[in-house]
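Visitor: Could you walk me through a model I have just opened? I would like to talk about side-chain pairs.

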Amino acid sequence: MTLYRIKSAIGIMVLLVLVAGFYYRFEIQQRYPEFDPTLMATGIFFLAGIIYAVIDRNIIIAFITMTVAVAIPYLKQWMVAYWPY
């Protein structure tokens with residue numbers, strides 16, 4: 001039962017950090033000009049996925065997490081190139 005609570009807490013914290021990072025992007029960039037929301041999302045996703053994989057003791061989840069974390073910047077670059085907004 002406690003593992004489910006830990007997983008839920010990790011999920012909620014990840015969502016809150018992602019929302020805060022994208023919502024306050026301009027304020028963060030004023031203090032830290034090199035801040036990149038895509039790299040922040042990649043790092044948060046990677047850390048949460050690895051923690052989840054360690055809790056579940058599942059190496060496949062860790063490999064999937066690493067693969068997706070590496071692919072996120074390329075996917076963003078591809079989407080911006082083909083669907084400019």
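This is a predicted model: local features need pLDDT of at least 70, side-chain atom pairs count only at pLDDT 80 or more; totals for chains, interfaces and linings use all residues.

Visitor: OK, how many salt bridges does the structure hold?

Guide: The structure holds one salt bridge, a term that here means a side-chain nitrogen of Lys or Arg within 4 Å of a carboxyl oxygen of Asp or Glu. The partners are Lys-7 and Asp-56, whose side chains meet at 2.7 Å, N to O.

Visitor: And where in the chain do Lys-7 and Asp-56 sit?

Guide: Lys-7 is in helix H1 (residues 2–23) and Asp-56 in helix H3 (residues 37–56), so the pair, 49 residues apart, links distant parts of the chain. Helices are DSSP runs of H or I with at least four residues, numbered from the N terminus.

Visitor: Is Lys-7 buried or exposed?

Guide: Lys-7 is buried, because its relative accessible area is 19%, and buried means under 20%, exposed over 50% and partly exposed in between, with a 1.4 Å probe and protein chains only. Asp-56, at 30% relative accessibility, counts as partly exposed.

Visitor: What does Lys-7 touch?

Guide: Leaving out residues up to four places away in sequence, Lys-7 touches Tyr-52, Ile-55 and Asp-56, where contact means heavy atoms within 4.5 Å.

Visitor: Switching to rings, how many aromatic pairs are there?

Guide: The structure holds three aromatic pairs. Rings of Phe, Tyr and Trp (its six-membered ring) pair if their centres lie within 6.5 Å, and planes under 30 degrees apart count as stacked, over 60 as edge-to-face and the rest as tilted. One of the pairs is Tyr-23 with Tyr-24, which is edge-to-face at 4.8 Å centre to centre, with 90° between the planes. Tyr-23 counts as exposed at 61% relative accessibility, whereas Tyr-24 is partly exposed, with a relative accessible area of 43%.

Visitor: Why is the pair of Trp-78 and Trp-83 edge-to-face?

Guide: The Trp-78 and Trp-83 pair is edge-to-face because the ring planes lie at 90°, with the centres 5.3 Å apart. Trp-78 counts as partly exposed at 43% relative accessibility, and Trp-83 is exposed, with a relative accessible area of 53%.

Visitor: Which residues do ring pairs link into a cluster?

Guide: Ring pairs link Trp-78, Tyr-82 and Trp-83 into a cluster.

Conventions. Residues are numbered from 1 along each chain as its sequence is written. Side-chain values use heavy atoms; hydrogens and water are left out. Helices (H or I, at least four residues) and strands (E, at least two) are DSSP runs, numbered from the N terminus.
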